[in-house]
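Please look over the structure shown here before reading on.

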Amino acid sequence: MTKTWHLPEDRYFDPNPTQQAVARELYASVADLPLICPHGHVNPQLFAEEEASFGTPTDLLIIPDHYVFRMLYSQGIPMEDVGVPRRDGGPVEGNHREIWQIFAENFHLFRGTPSGAWLKQELIEVFGIEQKLNGETAQAIYDEIAEKLDQPAFKPRTLFERFNIEVLCTTDAASDTLSFHKTIQASDWSGRVIPTFRPDAVVNLDAPGWLDNLHELEVAVGKEITSADALVEALAERRSYFKSMGAHATDHAALTAYTEPYSSEEANSIFERALNGESTVIDARRFTGMMLMEMARMSIEDGLVMQLHVGSYRNHNQPVFDRFGADKGSDIPIASEFTRNLRSLLAAYGNDSRLTLILFTLDEDTYARELAPLAGHYPSVKIGPPWWFHDSPNGMERYFERVMETAGLHNTVGFNDDTRAFPSIPARHDVWRRASANWIAGLVARGVVDDENAYEMVLELAYRLAKRTYDREE
């Protein structure tokens, strides 16, 4: 059995020699460009202190990563056994070596998955691990990673610079004080970490702990919020604060893309029912739709890019949510519809080029049928990269084939890593750059574009589109 591993030079490229050769050259032209990370969930606390630590290898790579323990759980391994904290504070495995051993013995489960590809690449390129990870090598690899995590070269700020990250955007609740961002900005460190405004916890009436979330927002703005109108005012105030702290974007997650014109009377009535614990599923859908309209209006006024993630049925596994809380791998895609649901918003604001509305979907069937035609017409609409379950070489290939012919490359926005797993960021961007190069190489091989256009296109996908869309000069 082979005990060592490596990363093939031509991974993810088509085996056709002509296409592969072109892909290799295109990829080489963008492989070392800086990383624009416009949307993700890395904790800014990691960068607030010069000597901040990732903790143990298990703290870094297993316990916080639902991509990892989701797969293990699907094979019958209890989340307690891999250290996932329980909501009730009940006992979970606390021996991080034992958790790592379980992970290593089951690493074969990740073969052929994007998680497996990211983990392999970060183990090899970030930590210099030469042995294959399995049950036999588990403890030696744990020791090797743990030793490196104690070194200055593996502190979060140092890795940020090593990864060549130009900007990293976090995702932050509307009520967040952004204290860690303040600390980062007040330090003499040159790394650029900026917030993103996410109001889901207060605009989605069915969000877990909605009333508590609302109270937190009241504390942040220093006033009671007793009506929908007051909520809108509070959100506008918080957007202004986020923008003063460097934010360039907002982020919104909704079950559907439904939008409805904002009626003060209707919204206030729904809000009152929510305060009294009497809101319905229909109320929640309508209220989110109204607030999305308001967020689009505000984006035209303040220039913040608006991201809309649609189609995740959150916390589908109720017992898992009750025991462990949100973001534990049981969010499941649903079929989505955009053409009718977004019509109210687009009728009001879709023709205004001051709005940048980036649409993300978990329903690939909407790529060619809805998203590409919408982005290919409305000046405000762009299509986000393959998201979540589709952030993979195959998912990216399907995206290119279904979106680009109708929308055109310049109605897309490049790549974002959308991750909590900080060390995986270079690997995720590398997969995108290789998939982009391979797609464009196929166009060159078939005579659709020439070499000059190909190099321009891969540069756009790897760097320029994200830079132009999210990181615009003020």
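Which residue lies over the face of Tyr258? In this predicted model, Arg285 takes that place, at 3.9 Å from the ring centre.

**Charges over rings**
- Besides Arg285 over Tyr258, the charged end of Arg428 sits over the ring of Trp118, at 3.7 Å from its centre.

**Aromatic pairs**
- The whole structure holds 27 aromatic pairs.
- One of these pairs is Trp100 with Tyr142, an edge-to-face arrangement with 5.9 Å centre to centre and 70° between the planes.
- This pair joins distant parts of the chain, since Trp100 belongs to helix α4 (residues 96-105) and Tyr142 to helix α6 (residues 138-149), 42 residues apart.
- Both Trp100 and Tyr142 are buried.
- Phe107 and Phe110 make a tilted pair, 6.1 Å centre to centre with 40° between the planes.
- Phe107 and Phe110 are buried too.
- Trp100, Tyr142, Phe107 and Phe110 belong to one aromatic cluster, together with Trp5 and Phe103.

**Second largest pocket**
- The second largest pocket has about 500 Å³ of space.
- Its lining consists of 21 residues, and Phe400, Glu401, Trp439, Leu443 and Arg446 are the ones nearest the centre.
- Helices α17 (393-407) and α18 (425-445) each give at least two residues to the lining of this pocket.
- The largest share, seven residues, comes from α17.
- Sorted by class, the lining has eleven nonpolar, five polar and five charged residues.

Note on methods. Residues are numbered from 1 along each chain as its sequence is written. This is a predicted model: local features need pLDDT of at least 70, side-chain atom pairs count only at pLDDT 80 or more; totals for chains, interfaces and linings use all residues. Side-chain values use heavy atoms; hydrogens and water are left out. On a 1 Å grid over the protein atoms alone, a cavity is a set of points where a 1.4 Å probe fits but cannot get out, and a pocket is an open set with protein on both sides within 12 Å along at least five of seven lines; lining residues have an atom within 4 Å of a point. Grid points are joined across faces, edges and corners, and a volume is the space filled by probe spheres set on the points. Helices (H or I, at least four residues) and strands (E, at least two) are DSSP runs, numbered from the N terminus. Ala, Val, Leu, Ile, Met, Phe, Trp, Tyr, Cys and Pro count as nonpolar, Asp, Glu, Lys and Arg as charged, and the others, Gly among them, as polar. Rings of Phe, Tyr and Trp (its six-membered ring) pair if their centres lie within 6.5 Å; planes under 30 degrees apart count as stacked, over 60 as edge-to-face and the rest as tilted. Buried means under 20% relative accessible area, exposed over 50%, partly exposed in between (1.4 Å probe, protein chains only). A charge sits over a ring if NZ of Lys or CZ of Arg is within 6 Å of the ring centre and within 35 degrees of the ring normal.
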